[in-house]
Amino acid sequence: MGRFRLRPRARAAAVVSAALLAGTALGQVASAGAAPIPTTATVVQSAAGSSPRFVDIPGDGGTKLAANVITPTGGAPGTRYPVVVLPTSWAMPQIEYVVPARQLADRGYVVIGYNSRGFWQSGGEIETAGPPDIADASRVIDWALANTPADPARIGMAGVSYGAGISLLASAFDPRIKAVVAMSGWADLIESIYAGRTEHAQAAALLGGAGFLTGRPSAELTEILENFLSGNLAKEPEMLAWGAKRSPATYLDRINANAPAIMLGNAWGDSLFPPDQYADFFGGLTGPKRLEFRPGDHATAEAGGLFGLPNDVWADSTRWLDHHLRGIDNGIDREPAVQLKSRTGGGYEGYPNWPAAANATRTLALTDTRRILTGIDSGADGGTIFLSSILDQFLKAPPTASIPLLPRAFAAVWQSDRYATATRVRGTTKLHTTITASHESGTIFAYLYDVGPLGIGKLVTHAPYTFHAKTPGIPFPIDLDLTATSYDVPAGHSLAAVIDTVDPLYLQHNPLGSQLTFTSPRNDPSTLSIPTRA
């Protein structure tokens, strides 16, 4: 196993991109909600009833956690209320949840939002949802029970992104947590940013850049990022162990034993935490559960709710908490557990479970031999982090490519005939093919396009795949799951499968001058299997 590094120019671009993207991350909620991020003063001034009280809570080891507390007003002496704890998102200030927190308090909740350790006014270093962060959540619950009228039998946690991951992890280690709402979070950190054994470079650069701008990364995190962004394969086992320790999926048995009611919400185009890992985790949960997927990118689906704007994600989150912490019979427990909204429009579709979303399959045969040179971008790619999925969310404009003009020397292309009826893609498209490589390592990127009459392909889904330690010249089969999605291909359009070797979203491990050959052996045909809803 070798060591593959970013070229100097690419490394410089990654650093600049990290800084720019970090600024985008901090400002994206404001732009999505069409309002500026409120200051502490404006938030407090706008709260007519239950106003936030700013406190310091001792976290694990006594580390200061900057927090705000909102308590219901007007209750009888001795009244106990359900409590909701909200850890902040990565790089976000402690006032992130003040508006929805006040709305929850007005419904009868004690709400505590706190800055995750290592960020902004909180002490400590960024542990990336490590054991100190998990312990912090329990210390905040301890503080709430000792200093507010919180009911110890009705404790919930919720959060967006980083706060979602911490909430899920805490539910594995603190049986007092009875309900969790995890929005735009992760269940498997490795499958999120290292799926297909390929470094998701733009995602890691964004997280790292935002962390350095707004907090104090630990030495461990700094080393992990350096090894990750340089493609240091010698450190891969350490990175995998680091990610597993921070993945709720690792503790699925503990979560099921504690049996909290868990609601998961994510966007089809999440640039940081793709939906598949949530769907897999959801399937393994045995307690009360709900899964919601919508168009958008990381945290864009729920962003408006942070400003009190009408928002489906926060509305369902409130209903979930109301039912499981306040005992309100609002019907959410009788609705289909899986709620999907297609990227191409239409209302919500309800299914009893994730596999039920697809009840048929379209198969695209990847016949004949295709041979491509590596290291050249063919023009097919997954787009730009955040920008592409936001354009898809609001303008129905995903990344495009002219399928007839893709250079066949650098891209393998297979295209179906035009379909007489619409194709409703629902779920995870699966690629199976046989590769012969000229070198022991390599990276491919597989794409599925919706191709219109003029040959312009709109990206439906994609995924990376990296291999190492293969014998040059010896064919080997691969199986690759493309990112799950919900997309309606119009009648009269065709589908195209494209494979190339460069995508700006990821690192690639193709040695200079290498070639890849794709074949379809008679006894093991190559196919792209597309899950559909008949």
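The following legends describe close-up views of a predicted model.

Because the model is predicted, local features are given only where pLDDT is at least 70 and side-chain atom pairs only at pLDDT 80 or more, while totals for chains, interfaces and linings use all residues. Residues are numbered from 1 along each chain as its sequence is written, and side-chain values use heavy atoms, with hydrogens and water left out.

**View 1. Helix 7 and helix 8 cross at roughly 150 degrees.**
Helix 7 covers residues 201–214 and helix 8 covers residues 219–229; helices (H or I, at least four residues) and strands (E, at least two) are DSSP runs, numbered from the N terminus. The axes of the two helices come within 10 Å. Axes are lines fitted to C-alpha atoms, for helices over the stretch in contact, and angles run from 0 to 180 degrees between N-to-C directions. The angle makes helix 7 roughly antiparallel to helix 8. Angles under 35 degrees count as roughly parallel, over 145 as roughly antiparallel, 65 to 115 as roughly perpendicular and the rest as oblique. The crossing of helix 7 and helix 8 is left-handed, that is, the near helix is turned anticlockwise from the far one by less than a right angle. On the side of helix 7, A201, A204, A205, G208 and F212 meet T222, L225, F228 and L229 of helix 8; contact means heavy atoms within 4.5 Å. This contact of helix 7 with helix 8 comprises seven nonpolar, two polar and no charged residues. Ala, Val, Leu, Ile, Met, Phe, Trp, Tyr, Cys and Pro count as nonpolar, Asp, Glu, Lys and Arg as charged, and the others, Gly among them, as polar.

**View 2. Helix 4 packs against helix 5 at about 75 degrees.**
Helix 4 (residues 131–147) and helix 5 (residues 162–173) have axes 9 Å apart. The two helices, helix 4 and helix 5, are therefore roughly perpendicular to each other. D133, I134 and A137 of helix 4 make the contact with Y162, I166, L169, A170 and F173 of helix 5. By class, the residues of this contact of helix 4 with helix 5 are seven nonpolar, no polar and one charged.

**View 3. I141 is a buried residue of helix 4.**
The relative accessibility of I141 is 2%; buried means under 20% relative accessible area, exposed over 50%, and partly exposed in between (1.4 Å probe, protein chains only). Leaving aside neighbours within four places in sequence, I141 is in contact with V85, I155, D174, R176 and I177.

**View 4. Helix 3 has a buried face.**
In helix 3 (residues 98–106), the buried residues are V98, P100, A101, L104 and A105. Seen down the axis of helix 3, these residues fall within an arc of 165 degrees, so they line one face of the helix. The arc is that of the directions from the helix axis to the C-beta atoms. An α-helix has 3.6 residues a turn, so residues three or four places apart point the same way. Just after helix 3, G108 takes a positive phi of about 105 degrees.

**View 5. F386 and K396 each have a positive phi without being glycine.**
Phi of F386 is near 70 degrees, and F386 lies in the loop between strand 12 (370–373) and helix 13 (387–395). F386 is buried, with a relative accessible area of 3%. Phi of K396 is about 55 degrees, and K396 lies in the loop between helix 13 and strand 13 (400–402). At 37% relative accessibility, K396 is partly exposed. Not counting residues up to four places away in sequence, K396 touches R343, T344, G345, L391 and K458. K396 and G345 are 51 residues apart in sequence and 8.5 Å apart in space, C-alpha to C-alpha.

**View 6. I435 lies in strand 16 and I499 in strand 21.**
Strand 16 spans residues 430–437, and I435 within it is buried at 0% relative accessible area. Beyond residues up to four places away in sequence, I435 touches I444, I474, P475, F476, I478, L516, T517 and F518. Strand 21 spans residues 494–500, and I499 is buried at 2% relative accessible area. With residues up to four places away in sequence not counted, the contacts of I499 include I372, W414, L431, I444 and F518. The C-alpha atoms of I499 and L364 are separated by 14 Å.
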